[in-house]
Structures are given as C-alpha cells and as structure tokens.
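I'm looking up pockets, cores and rings here.

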Amino acid sequence: MTKPPQILIVEDEILIAMDLEDMVAEMGGTAIASAHNIKTAIAMAESIEADAAILDVDVAGQLVFPVADILAARGIPFLFNTGHSAEDVLRARYESAPICRKPTLPRQLKLTLQKLLASRNDRTGTGDAALA
C-alpha cells in the first residue's frame, strides 16, 4: 500500500497556501508543512522529510531560490507555482522544475505533482508516494 505523498508548501499568500493545502489533500496527499517566509522555508527545506514541494517564486518580496537549492541538493523535487513573469530565469536555473502559472487549476497541479513524484520514485527505486 502506498503512503500519501508528503508535500511542503512555500507560499506567502495565506489564502493561496490554504487552497494549495486543500488541493493536495483532495488529491490524496498531505501538506506536511506550509512556510510563509524565506527564513522558515529554509529551515524546513533543511530538515523536513518531504516527497515534493510547491514553491512560490516571490515569497514576501524575496526570491525562493535558496530554498529550491536546498531541496535540489537533498533530492526533493519541486515545482514553481507562480505569477512571476521571468519564466526564462526559472528555466535557466532550474531546467527540470515544472512551472505552474497562477491561478493554478487543480488538474494542472495534480498532473504536475504526479509527474514529480513518479520521477522521484524512478530515481529512488521506490513506489511509496503517489497521488490517487
């Protein structure tokens, strides 16, 4: 039996974070933590055991890149959920990270998370975290 995927959410807009938490739950996952500023997000990225992460690019006026770098170094896949217009910068720095444009449709988020989790499972040789 597969366990629900554990998802870290980094989003400074509280209502959007709550929507993302609800979407993850409706997909069969668990939002294990939600960070609303970069300092908290960095601490979580360094210590949390997550299967994947959803990152806003601009978190309270700061770029999320330090968080993304930590997650990448730990092998935790992530996607960007953003209204940020510099998509070329994101693709140049994090070419394998998918980008969901705000407002994000639940179906788009689910498909993107499923692909992230499948690629992680392929890399780690496990199949223990998948969305329904």
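Is Phe78 buried or exposed? I get 7% relative accessibility for Phe78, so it counts as buried (buried is under 20% relative accessible area, exposed over 50%, partly exposed in between, with a 1.4 Å probe and protein chains only).

Ground rules before I go on. The model is predicted, so local features need pLDDT of at least 70 and side-chain atom pairs pLDDT 80 or more, while totals for chains, interfaces and linings use all residues. Numbering runs from 1 along each chain as its sequence is written, and side-chain values use heavy atoms, with hydrogens and water left out.

**Rings**

I looked up the aromatic pairs and found 4 (ring centres of Phe, Tyr or Trp, the latter by its six-membered ring, within 6.5 Å; planes under 30 degrees apart are stacked, over 60 edge-to-face, the rest tilted). Phe78 and Phe80 pair edge-to-face, at 5.5 Å centre to centre and 75 degrees between the planes. Phe80 has 0% relative accessibility, so I log Phe80 as buried. Phe78 also pairs with Tyr94: the centres are 5.6 Å apart and the planes at 80 degrees, so this pair is edge-to-face. Phe78 sits in strand S6 and Tyr94 in the loop between helix H4 (87-93) and strand S7 (99-101), so the pair ties together parts 16 residues apart in sequence. (Helices are DSSP runs of H or I with at least four residues, strands runs of E with at least two, numbered from the N terminus.) Tyr94 is buried, as is Phe78. Phe65, Phe78, Phe80 and Tyr94 make up one aromatic cluster.

**Cores**

Next I checked the largest nonpolar core, which has 27 residues (buried Ala, Val, Leu, Ile, Met, Phe, Trp, Tyr and Cys joined through side-chain atoms within 4.5 Å). Phe78 and Phe80 are among the residues with the most contacts inside it, along with Leu71. Helix H3 (65-74) and strand S6 (78-82) are among the elements that each supply at least two residues of this core, and H3 gives the most, with 5. Leu71 touches Leu8, Ala45, Ala53, Leu55, Ile76 and Phe78, leaving out residues up to four places away in sequence (contact is heavy atoms within 4.5 Å). Another core of 14 residues lies apart from it, with Ile9, Met27, Leu79 and Leu117 among them.

**Pocket**

Helix H5 (residues 106-124) gives the most to the lining, with 3 residues.
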